[in-house]
Amino acid sequence: MKSDINQLTTEGRNPASNDLDEMSILAIAQLMNQEDAKVSQSITPELPQIAAAIALIVTAFKANGRLIYMGAGTSGRLGVLDAAECVPTFGTEPEMVQGLIAGGAQAMTVAVEGAEDNPNLGAQDLKDLALTANDAVVGLAASGRTPYVIGALDYAQKIGAATISLACNNQALISQHAQVAIEVTPGPEVLAGSTRLKAGTAEKMVLNMLSTISMAKIGKVYHNLMVDVKPTNEKLVIRAKHMIELATGVSADEASELFAAAHQNVKTAIVMDLAGVSVSDAEQRLQRAHGVVRDALALQRGGLK
(Lines give C-alpha, C1' and ligand atoms only; values in the text may rest on other atoms or scores of the structure.)
Protein backbone atom coordinates (compact mmCIF):
# COMPACT_ATOMS: atom_id res chain seq x y z
CA MET A 1 0.00 0.00 0.00
CA LYS A 2 2.62 2.56 1.08
CA SER A 3 4.93 1.82 -1.81
CA ASP A 4 2.51 2.95 -4.50
CA ILE A 5 1.14 6.09 -2.84
CA ASN A 6 3.08 8.23 -5.31
CA GLN A 7 1.01 6.71 -8.10
CA LEU A 8 -2.24 8.08 -6.68
CA THR A 9 -3.47 11.35 -8.14
CA THR A 10 -5.33 12.07 -4.92
CA GLU A 11 -2.02 12.03 -3.02
CA GLY A 12 -0.08 14.21 -5.42
CA ARG A 13 1.06 17.79 -4.88
CA ASN A 14 -0.75 20.52 -6.77
CA PRO A 15 1.88 22.89 -8.21
CA ALA A 16 -0.60 25.77 -8.15
CA SER A 17 -0.72 25.63 -4.34
CA ASN A 18 2.94 24.97 -3.65
CA ASP A 19 3.21 28.13 -1.54
CA LEU A 20 -0.19 27.75 0.09
CA ASP A 21 1.00 28.71 3.55
CA GLU A 22 2.34 32.01 2.26
CA MET A 23 -0.56 32.98 0.01
CA SER A 24 -3.12 35.59 1.02
CA ILE A 25 -6.54 34.48 2.22
CA LEU A 26 -8.20 35.81 -0.94
CA ALA A 27 -5.63 34.13 -3.18
CA ILE A 28 -6.22 30.77 -1.51
CA ALA A 29 -9.99 31.19 -1.82
CA GLN A 30 -9.62 32.05 -5.50
CA LEU A 31 -7.38 29.06 -6.09
CA MET A 32 -9.75 26.66 -4.34
CA ASN A 33 -12.64 28.02 -6.37
CA GLN A 34 -10.67 27.50 -9.59
CA GLU A 35 -9.80 23.95 -8.61
CA ASP A 36 -13.38 23.16 -7.61
CA ALA A 37 -14.52 24.28 -11.06
CA LYS A 38 -12.62 21.30 -12.48
CA VAL A 39 -14.69 18.76 -10.54
CA SER A 40 -17.80 18.68 -12.73
CA GLN A 41 -15.61 18.44 -15.85
CA SER A 42 -13.87 15.41 -14.38
CA ILE A 43 -17.22 13.66 -14.03
CA THR A 44 -18.25 14.10 -17.68
CA PRO A 45 -16.21 11.18 -19.11
CA GLU A 46 -17.75 8.85 -16.51
CA LEU A 47 -21.40 9.61 -17.31
CA PRO A 48 -21.91 6.35 -19.25
CA GLN A 49 -20.61 4.38 -16.27
CA ILE A 50 -22.78 6.41 -13.91
CA ALA A 51 -25.81 5.65 -16.09
CA ALA A 52 -24.97 1.94 -16.04
CA ALA A 53 -24.70 2.07 -12.24
CA ILE A 54 -28.08 3.78 -11.97
CA ALA A 55 -29.66 1.09 -14.14
CA LEU A 56 -28.43 -1.53 -11.65
CA ILE A 57 -29.84 0.45 -8.73
CA VAL A 58 -33.23 0.88 -10.43
CA THR A 59 -33.37 -2.86 -11.07
CA ALA A 60 -32.63 -3.48 -7.39
CA PHE A 61 -35.36 -1.10 -6.26
CA LYS A 62 -37.93 -2.68 -8.58
CA ALA A 63 -37.10 -6.05 -7.02
CA ASN A 64 -37.70 -4.56 -3.54
CA GLY A 65 -33.96 -4.48 -3.00
CA ARG A 66 -31.92 -1.86 -1.20
CA LEU A 67 -29.16 0.59 -2.11
CA ILE A 68 -26.25 0.32 0.30
CA TYR A 69 -23.30 2.72 0.33
CA MET A 70 -20.02 1.51 1.85
CA GLY A 71 -17.00 3.66 2.64
CA ALA A 72 -14.44 4.85 5.18
CA GLY A 73 -13.70 8.35 6.40
CA THR A 74 -15.02 11.13 4.17
CA SER A 75 -16.29 8.65 1.59
CA GLY A 76 -18.27 6.77 4.24
CA ARG A 77 -19.71 9.98 5.67
CA LEU A 78 -20.86 11.12 2.24
CA GLY A 79 -22.63 7.81 1.71
CA VAL A 80 -24.39 8.09 5.07
CA LEU A 81 -25.42 11.66 4.23
CA ASP A 82 -26.90 10.75 0.85
CA ALA A 83 -28.78 7.82 2.36
CA ALA A 84 -30.19 9.94 5.18
CA GLU A 85 -31.44 12.61 2.79
CA CYS A 86 -33.43 10.12 0.72
CA VAL A 87 -35.94 9.74 3.55
CA PRO A 88 -37.32 13.30 3.64
CA THR A 89 -36.73 14.02 -0.05
CA PHE A 90 -38.25 10.90 -1.56
CA GLY A 91 -40.36 9.50 1.26
CA THR A 92 -38.34 6.30 1.43
CA GLU A 93 -38.20 3.98 4.38
CA PRO A 94 -34.85 4.25 6.19
CA GLU A 95 -33.97 0.70 5.16
CA MET A 96 -34.30 1.38 1.42
CA VAL A 97 -31.11 3.43 1.13
CA GLN A 98 -28.45 2.89 3.77
CA GLY A 99 -24.95 4.16 4.36
CA LEU A 100 -22.35 2.09 6.18
CA ILE A 101 -19.06 3.56 7.38
CA ALA A 102 -16.01 1.65 8.54
CA GLY A 103 -15.96 1.72 12.32
CA GLY A 104 -19.71 2.15 12.71
CA ALA A 105 -21.79 5.17 13.70
CA GLN A 106 -19.10 6.63 15.95
CA ALA A 107 -16.85 6.99 12.89
CA MET A 108 -19.15 9.74 11.60
CA THR A 109 -17.53 12.16 14.02
CA VAL A 110 -14.47 10.39 15.45
CA ALA A 111 -11.83 8.48 13.51
CA VAL A 112 -11.83 4.77 14.34
CA GLU A 113 -8.26 3.60 13.95
CA GLY A 114 -7.68 0.67 11.64
CA ALA A 115 -11.35 0.04 10.82
CA GLU A 116 -10.90 0.74 7.12
CA ASP A 117 -7.91 -1.62 6.86
CA ASN A 118 -9.88 -4.78 7.51
CA PRO A 119 -11.75 -6.28 4.53
CA ASN A 120 -13.55 -8.70 6.84
CA LEU A 121 -15.30 -5.80 8.54
CA GLY A 122 -16.81 -4.70 5.25
CA ALA A 123 -18.13 -8.18 4.58
CA GLN A 124 -19.42 -8.50 8.16
CA ASP A 125 -21.33 -5.23 7.96
CA LEU A 126 -23.19 -6.54 4.91
CA LYS A 127 -23.82 -9.88 6.60
CA ASP A 128 -25.34 -7.99 9.52
CA LEU A 129 -27.74 -6.33 7.06
CA ALA A 130 -28.70 -9.73 5.64
CA LEU A 131 -27.62 -8.70 2.16
CA THR A 132 -29.53 -10.39 -0.68
CA ALA A 133 -29.11 -10.76 -4.43
CA ASN A 134 -31.80 -8.09 -4.90
CA ASP A 135 -29.66 -5.38 -3.30
CA ALA A 136 -27.15 -2.98 -4.87
CA VAL A 137 -23.89 -2.11 -3.11
CA VAL A 138 -21.86 1.01 -3.93
CA GLY A 139 -18.28 0.96 -2.65
CA LEU A 140 -16.81 4.44 -2.14
CA ALA A 141 -13.08 5.12 -1.85
CA ALA A 142 -11.35 8.28 -3.00
CA SER A 143 -8.04 6.42 -3.06
CA GLY A 144 -9.68 3.50 -4.81
CA ARG A 145 -8.06 0.85 -2.63
CA THR A 146 -9.72 0.80 0.81
CA PRO A 147 -9.70 -2.80 2.15
CA TYR A 148 -13.01 -2.33 4.01
CA VAL A 149 -14.70 -1.45 0.73
CA ILE A 150 -13.00 -4.24 -1.22
CA GLY A 151 -14.13 -6.79 1.35
CA ALA A 152 -17.69 -5.50 1.10
CA LEU A 153 -17.74 -5.60 -2.70
CA ASP A 154 -16.30 -9.12 -2.79
CA TYR A 155 -18.93 -10.36 -0.35
CA ALA A 156 -21.70 -8.61 -2.30
CA GLN A 157 -20.57 -10.29 -5.52
CA LYS A 158 -20.52 -13.66 -3.76
CA ILE A 159 -24.13 -13.12 -2.69
CA GLY A 160 -25.14 -12.02 -6.18
CA ALA A 161 -25.95 -8.40 -5.36
CA ALA A 162 -25.23 -5.65 -7.87
CA THR A 163 -21.84 -4.04 -7.25
CA ILE A 164 -20.67 -0.52 -8.12
CA SER A 165 -17.40 1.19 -7.24
CA LEU A 166 -16.62 4.91 -7.09
CA ALA A 167 -13.01 6.07 -6.90
CA CYS A 168 -11.09 9.28 -7.57
CA ASN A 169 -8.06 7.66 -9.18
CA ASN A 170 -7.62 5.93 -12.52
CA GLN A 171 -7.06 2.16 -12.58
CA ALA A 172 -8.35 1.97 -9.02
CA LEU A 173 -8.04 -1.35 -7.23
CA ILE A 174 -11.70 -1.35 -6.20
CA SER A 175 -12.68 -1.13 -9.89
CA GLN A 176 -11.58 -4.75 -10.21
CA HIS A 177 -14.12 -5.78 -7.59
CA ALA A 178 -17.31 -4.30 -9.06
CA GLN A 179 -19.64 -4.87 -12.00
CA VAL A 180 -19.64 -1.17 -12.81
CA ALA A 181 -16.60 0.96 -12.00
CA ILE A 182 -16.75 4.75 -11.83
CA GLU A 183 -13.40 6.55 -11.76
CA VAL A 184 -13.62 10.33 -11.42
CA THR A 185 -10.22 12.07 -11.32
CA PRO A 186 -10.44 15.75 -10.36
CA GLY A 187 -6.66 15.91 -9.81
CA PRO A 188 -4.37 16.71 -6.88
CA GLU A 189 -5.89 18.62 -3.98
CA VAL A 190 -4.98 22.20 -3.08
CA LEU A 191 -3.98 20.72 0.29
CA ALA A 192 -2.07 17.60 -0.70
CA GLY A 193 -3.87 14.40 0.25
CA SER A 194 -6.93 16.13 1.74
CA THR A 195 -9.50 14.16 -0.21
CA ARG A 196 -12.41 15.80 1.59
CA LEU A 197 -11.86 18.64 -0.92
CA LYS A 198 -12.16 18.00 -4.68
CA ALA A 199 -12.41 14.24 -4.35
CA GLY A 200 -15.14 14.58 -1.72
CA THR A 201 -17.00 17.07 -3.90
CA ALA A 202 -16.76 14.72 -6.87
CA GLU A 203 -18.10 11.81 -4.82
CA LYS A 204 -20.98 13.94 -3.54
CA MET A 205 -21.90 14.99 -7.07
CA VAL A 206 -21.93 11.40 -8.28
CA LEU A 207 -23.99 10.26 -5.28
CA ASN A 208 -26.48 13.03 -6.07
CA MET A 209 -26.92 11.46 -9.51
CA LEU A 210 -27.15 7.88 -8.28
CA SER A 211 -29.92 8.54 -5.77
CA THR A 212 -31.86 11.31 -7.54
CA ILE A 213 -32.04 9.65 -10.96
CA SER A 214 -32.81 6.25 -9.45
CA MET A 215 -35.69 7.72 -7.47
CA ALA A 216 -36.99 9.52 -10.56
CA LYS A 217 -37.02 6.24 -12.46
CA ILE A 218 -39.12 4.43 -9.86
CA GLY A 219 -41.85 7.07 -9.76
CA LYS A 220 -40.83 9.30 -6.91
CA VAL A 221 -40.67 12.30 -9.23
CA TYR A 222 -43.45 13.84 -11.33
CA HIS A 223 -42.13 16.18 -14.01
CA ASN A 224 -39.26 17.69 -11.96
CA LEU A 225 -41.12 17.73 -8.65
CA MET A 226 -40.22 15.60 -5.61
CA VAL A 227 -43.79 14.49 -5.07
CA ASP A 228 -42.93 11.89 -2.44
CA VAL A 229 -41.54 14.54 -0.08
CA LYS A 230 -42.37 13.81 3.56
CA PRO A 231 -44.00 16.86 5.20
CA THR A 232 -42.31 16.33 8.56
CA ASN A 233 -41.77 19.98 9.43
CA GLU A 234 -43.19 23.41 8.57
CA LYS A 235 -40.77 24.02 5.71
CA LEU A 236 -41.59 20.67 4.10
CA VAL A 237 -45.35 21.23 4.54
CA ILE A 238 -45.01 24.51 2.66
CA ARG A 239 -42.91 22.79 -0.01
CA ALA A 240 -45.45 19.98 -0.36
CA LYS A 241 -48.30 22.42 -0.92
CA HIS A 242 -46.20 24.31 -3.44
CA MET A 243 -45.59 21.05 -5.32
CA ILE A 244 -49.34 20.62 -5.64
CA GLU A 245 -49.68 24.17 -6.98
CA LEU A 246 -46.95 23.63 -9.55
CA ALA A 247 -48.24 20.24 -10.69
CA THR A 248 -51.89 21.20 -11.02
CA GLY A 249 -52.03 24.97 -11.49
CA VAL A 250 -54.43 25.48 -8.58
CA SER A 251 -54.24 28.42 -6.19
CA ALA A 252 -52.40 28.29 -2.90
CA ASP A 253 -55.68 27.98 -0.99
CA GLU A 254 -56.89 25.18 -3.24
CA ALA A 255 -53.57 23.40 -2.85
CA SER A 256 -53.92 23.56 0.94
CA GLU A 257 -57.42 22.09 0.70
CA LEU A 258 -56.24 19.29 -1.58
CA PHE A 259 -53.28 18.61 0.72
CA ALA A 260 -55.57 18.23 3.72
CA ALA A 261 -58.13 16.13 1.84
CA ALA A 262 -55.37 13.84 0.56
CA HIS A 263 -54.16 13.15 4.09
CA GLN A 264 -51.06 15.26 3.40
CA ASN A 265 -49.97 13.08 0.47
CA VAL A 266 -48.76 15.14 -2.48
CA LYS A 267 -49.19 12.40 -5.08
CA THR A 268 -52.75 11.70 -3.99
CA ALA A 269 -53.61 15.40 -4.11
CA ILE A 270 -52.24 15.75 -7.63
CA VAL A 271 -54.15 12.74 -8.94
CA MET A 272 -57.33 13.95 -7.21
CA ASP A 273 -57.17 17.26 -9.03
CA LEU A 274 -55.86 16.24 -12.44
CA ALA A 275 -58.04 13.14 -12.71
CA GLY A 276 -61.03 14.74 -10.97
CA VAL A 277 -61.50 11.85 -8.56
CA SER A 278 -62.04 11.33 -4.85
CA VAL A 279 -59.26 10.71 -2.38
CA SER A 280 -60.05 6.97 -2.25
CA ASP A 281 -60.08 6.69 -6.03
CA ALA A 282 -56.79 8.56 -6.26
CA GLU A 283 -55.23 6.27 -3.68
CA GLN A 284 -56.45 3.19 -5.57
CA ARG A 285 -55.08 4.52 -8.86
CA LEU A 286 -51.69 5.15 -7.30
CA GLN A 287 -51.67 1.69 -5.77
CA ARG A 288 -52.44 0.09 -9.13
CA ALA A 289 -49.79 2.28 -10.79
CA HIS A 290 -47.14 1.35 -8.18
CA GLY A 291 -46.96 4.97 -7.05
CA VAL A 292 -46.18 6.45 -10.47
CA VAL A 293 -48.27 9.60 -10.93
CA ARG A 294 -48.19 9.56 -14.73
CA ASP A 295 -49.41 5.97 -14.80
CA ALA A 296 -52.12 6.72 -12.25
CA LEU A 297 -53.35 9.55 -14.48
CA ALA A 298 -53.19 7.28 -17.54
CA LEU A 299 -55.77 5.04 -15.89
CA GLN A 300 -58.27 7.82 -16.49
CA ARG A 301 -57.77 7.40 -20.21
CA GLY A 302 -57.71 3.63 -20.14
CA GLY A 303 -54.01 3.61 -20.86
CA LEU A 304 -53.05 1.27 -18.03
CA LYS A 305 -54.63 -2.07 -17.19
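**Ground rules**

I number residues from 1 along each chain as its sequence is written, and I use heavy atoms for side-chain values, leaving out hydrogens and water. Because the model is predicted, local features need pLDDT of at least 70 and side-chain atom pairs count only at pLDDT 80 or more, while totals for chains, interfaces and linings use all residues.

**Entry 1: H1 and H6**

I looked up helix H1 (residues 25-43) and helix H6 (residues 198-217). Helices here are DSSP runs of H or I with at least four residues, numbered from the N terminus. Two packed helices are described by the angle between their axes and the distance between the axes. For H1 and H6 I noted an angle of about 40° and axes 9 Å apart. The axes are lines fitted to C-alpha atoms over the stretch in contact, and the angle runs from 0 to 180 degrees between N-to-C directions. H1 and H6 are therefore oblique to each other; under 35 degrees would count as roughly parallel, over 145 as roughly antiparallel, and 65 to 115 as roughly perpendicular, with the rest oblique.

Next I listed the contact (heavy atoms within 4.5 Å). From H1, Glu35, Asp36, Val39, Ser40 and Ile43 take part, and they meet Lys198, Thr201, Ala202, Met205, Val206 and Met209 of H6. I sorted these residues into six nonpolar, two polar and three charged. In this sorting, Asp, Glu, Lys and Arg count as charged; Ala, Val, Leu, Ile, Met, Phe, Trp, Tyr, Cys and Pro as nonpolar; and the others, Gly among them, as polar.

**Entry 2: salt bridges**

How many salt bridges does a search of the whole structure find? I got five, taking a salt bridge as a side-chain nitrogen of Lys or Arg within 4 Å of a carboxyl oxygen of Asp or Glu.

Lys198 bridges to Glu35, with the closest N and O atoms 2.6 Å apart. Lys198 lies in H6 and Glu35 in H1, so this pair ties together parts that are 163 residues apart in sequence. Glu35 also pairs with Lys38, at 3.0 Å between the closest N and O atoms. Lys38 and Glu35 are three residues apart in H1, which means about one helical turn separates them. I recorded Glu35, Lys38 and Lys198 as a network of salt bridges.

I then checked burial (buried is under 20% relative accessible area, exposed over 50%, partly exposed in between, with a 1.4 Å probe and protein chains only). Glu35 is buried at 5%, Lys198 is buried at 2%, and Lys38 is partly exposed at 40%.

Another salt bridge joins Asp228 to Lys220, with 3.1 Å between the closest N and O atoms. Asp228 counts as buried at 16%, and Lys220 is buried at 13%.

Notes:
Helix = DSSP H or I, 4+ residues; strand = E, 2+ residues; numbered from the N terminus.
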